[in-house]
Amino acid sequence: MADVAVIGGGAAGAAAFGELLARFEGGTVHWIVGQHAPGRGVAYGTSDNQHLLNVRAASMGVFQEHAEDFLQHASRQLGQVKGTDFLPRRLFGDFIQAQVGARIDAARRAGRSFRIHPESAREIISRGEGGYAIRVGADRWLEVGDVVLAVGALAQRPLRTVSTTALAGGAYELDPWRLDRHPHAPRRVVVIGTGLTAVDTLLSAAIRWPHAELVAVSRHGLLPFNHAALPLAPYAQQEALNQALLASDGAAAMFRLVRRALNEAGDTDWRSIIDGMRPINAQLWQRLTHARRRQFLRHARWIWEAARHRMAPATGEAIYQLQEEGRLQVLAARVLDVDGSAPLQVSLRERATQLVSVLEADLVIQATGLDTAVAYGANELLSQLLRDGLATADPLQLGVLAQADGQLVDADGRPQRGLYAIGSLLRGNLWECTAMPEIRAAAHRLAVHLSPAAVVARESAGEQP
Ligand SMILES: Cc1cc2nc3c(=O)[nH]c(=O)nc-3n(C[C@H](O)[C@H](O)[C@H](O)COP(=O)(O)OP(=O)(O)OC[C@H]3O[C@@H](n4cnc5c(N)ncnc54)[C@H](O)[C@@H]3O)c2cc1C
């Protein structure tokens, strides 16, 4: 049996590696993790206890079948916690590492072969029917049968409106998790973006620089909505609504159905209806034509994201308190350009009035969310896969083209045998594939699909592996 490699050291890579360790027999399971502490990735690498999970503790997990659940783990560290709590993300990072550690111990006891590579994968070459060669680090090559890409979203690129002078001056920060790079307290911080990452950035900035004035700006100036403090009762008509949505034609019809349900729901909380759609969101997305998807991204994404990806109640409270104290201002405006050096000049066109104004800022932090535009990003490996025709960029810049099982589609539109992706690279295919509940289900399905018994069954049925 050939080897298999998982590329990417974040939570999705950890889930795929652990699932494979539990069932992949014969070949070696390689995990190519890059330079960071494996398992945590961007989301769970934070050490700030104010950065909370936006999913209740009871729904967080790394593997489909787990020996210990996150609640037990968290209780040992924090004392009594409830499944309905929104806990610090740092704790979940610890949990991922402990869970992967347990799988590694079990694999050792079972005599399974695995290797963890603390370097990046730099190149993948197809061996035709015989799998792939992966260049790891400077010049080491691994020969494997299957590859799972779990490389997460791309590092942020500066907005087109930011001048080279502004970028060169050091006061424009592209990594919202690296406030520690700015030792001097700024008088005014402008955060571009008002999503969940922007919210965490604002909370960190407020603690770090207690006298700084904070401004968050996005086109609609809409912060994520809050989660309810306690789980909500399900919507009694959810099943009927979901069936109607699946039978509907296009985004406008879907929105009409959701709006009607929201109007007719009586005492049911609107958040319950949005959450109840979660099991069918990928199917709904897949039913939209290219034009409808584009329409959704242009006109509805902002409100959908704010309603679907909500803040933990404590996070919301902390943000509203900053607003009430006058320390935080949230603006609905378009950033026209960022120029200058110390301070930076941020030109804005206010949405309501269309008036243009200039804000001075000692620090501007870009927190515009997931970047999945692989054709323009600076991920060396993804650029090489696109160049060599092993992968194709999604036309709406939502990762790469793939089949339903995550198998990549090559430049000629054919499934790329043995080359799979999970996580945000599959946004174009699945839309809903970035949170742990979806990631762990995808990692499990993929590991089962790649396990020897499933491969033999497919081959004897004459199917493509
Ligand atoms: C701020 C934030 C908060 C979130 N909160 C939650 C939450 O509360 N609950 C929830 O369910 N989900 C949450 N999510 C969603 C989250 O994205 C997923 O849960 C998960 O962390 C995604 O992990 P990933 O491995 O796909 O990506 P990443 O965390 O981006 O990890 C990918 C890793 O791959 C590495 N890599 C890239 N290229 C290579 C290469 N060539 N070779 C080797 N390594 C490579 C990168 O350096 C990175 O370490 C949150 C996301 C963010 C950004």
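The stops below begin with the overall fold and then turn to the core, the ring pairs and some backbone details.

**The whole chain**

Begin with everything shown as a cartoon, bearing in mind that this is a predicted model. The chain carries 16 helices and 16 strands, and its C-alpha trace spans about 65 × 55 × 50 Å along the principal axes. A compact globule of 465 residues would have a radius of gyration near 23 Å, and the chain, with 23 Å, agrees with that expectation. If you colour by burial, buried residues account for 52% of the 465 residues, while the accessible surface comes to about 21,200 Å², of which 51% belongs to carbon and sulfur atoms. Among contacts between residues at least 6 apart in sequence, 69% join residues that are at least 24 apart.

**The largest nonpolar core**

Next, select Phe70, Phe92 and Ile422, which touch the most other members of the largest nonpolar core, a set of 44 residues. Two or more residues of this core come from each of strand 1 (4-7), helix 1, strand 2, helix 2, helix 3 and helix 15 (436-450). Helix 1 gives the most, with eight residues. Apart from this core lies another, of 28 residues, and Ala5, Val374, Leu408 and Leu425 are among them.

Which residues does Phe70 touch, not counting those up to four places away in sequence? Display Leu53, Ala57, Met60, Leu87, Leu91, Phe92 and Phe95 around Phe70, and you have the answer.

**Ring pairs and charges over rings**

Now show the aromatic side chains, where the structure holds 11 aromatic pairs. Select Phe17 and Trp31, a stacked pair with 4.8 Å centre to centre and 20 degrees between the planes. Because Phe17 lies in helix 1 (residues 11-23) and Trp31 in strand 2 (residues 29-32), the pair ties together parts that are 14 residues apart in sequence. Both Phe17 and Trp31 are buried.

Move on to Phe70 and Phe95, a tilted pair with 5.4 Å between centres and 55 degrees between the planes. Phe70 belongs to helix 2 (residues 70-78) and Phe95 to helix 3 (residues 89-109), so this pair ties together parts that are 25 residues apart in sequence. Both Phe70 and Phe95 are buried.

Two arginines come next. Arg103 lies over the face of Phe63, at 4.0 Å from the ring centre, and the charged end of Arg310 sits over the ring of Trp270, 5.8 Å from its centre.

**Backbone details**

Finally, show the backbone atoms and go to the peptide bond from Ala342 to Pro343, which is cis, with omega near 0 degrees. Pro343 is found in the loop between strand 11 (328-340) and strand 12 (344-350).

Then select Gln354, in the loop between strand 12 and strand 13 (356-361), where phi is near 65 degrees, a positive value in a residue other than glycine. Is Trp431 buried or exposed? Trp431, in the loop between helix 14 (427-430) and helix 15, also has a positive phi, of about 60 degrees, although it is not a glycine. Trp431 is buried, with a relative accessible area of 3%, whereas Gln354 is partly exposed, with a relative accessible area of 48%.

Methods
Residues numbered from 1 in each chain as written. Predicted model: local features only at pLDDT ≥ 70, side-chain atom pairs only at ≥ 80, totals over all residues. Heavy atoms only, no water. Phe/Tyr/Trp six-rings, centres within 6.5 Å; stacked < 30°, edge-to-face > 60°. Helix = DSSP H or I, 4+ residues; strand = E, 2+ residues; numbered from the N terminus. Buried < 20%, exposed > 50% of the residue type's maximum accessible area, 1.4 Å probe, protein only. Lys NZ or Arg CZ within 6 Å of the ring centre and 35° of its normal. Rg over C-alpha atoms; globule rule 2.2 N^0.38 Å. Contact = heavy atoms within 4.5 Å. Areas by Shrake-Rupley, 256 points an atom, 1.4 Å probe, with all protein chains shown as cover. Core = buried A, V, L, I, M, F, W, Y, C linked by side-chain atoms within 4.5 Å.
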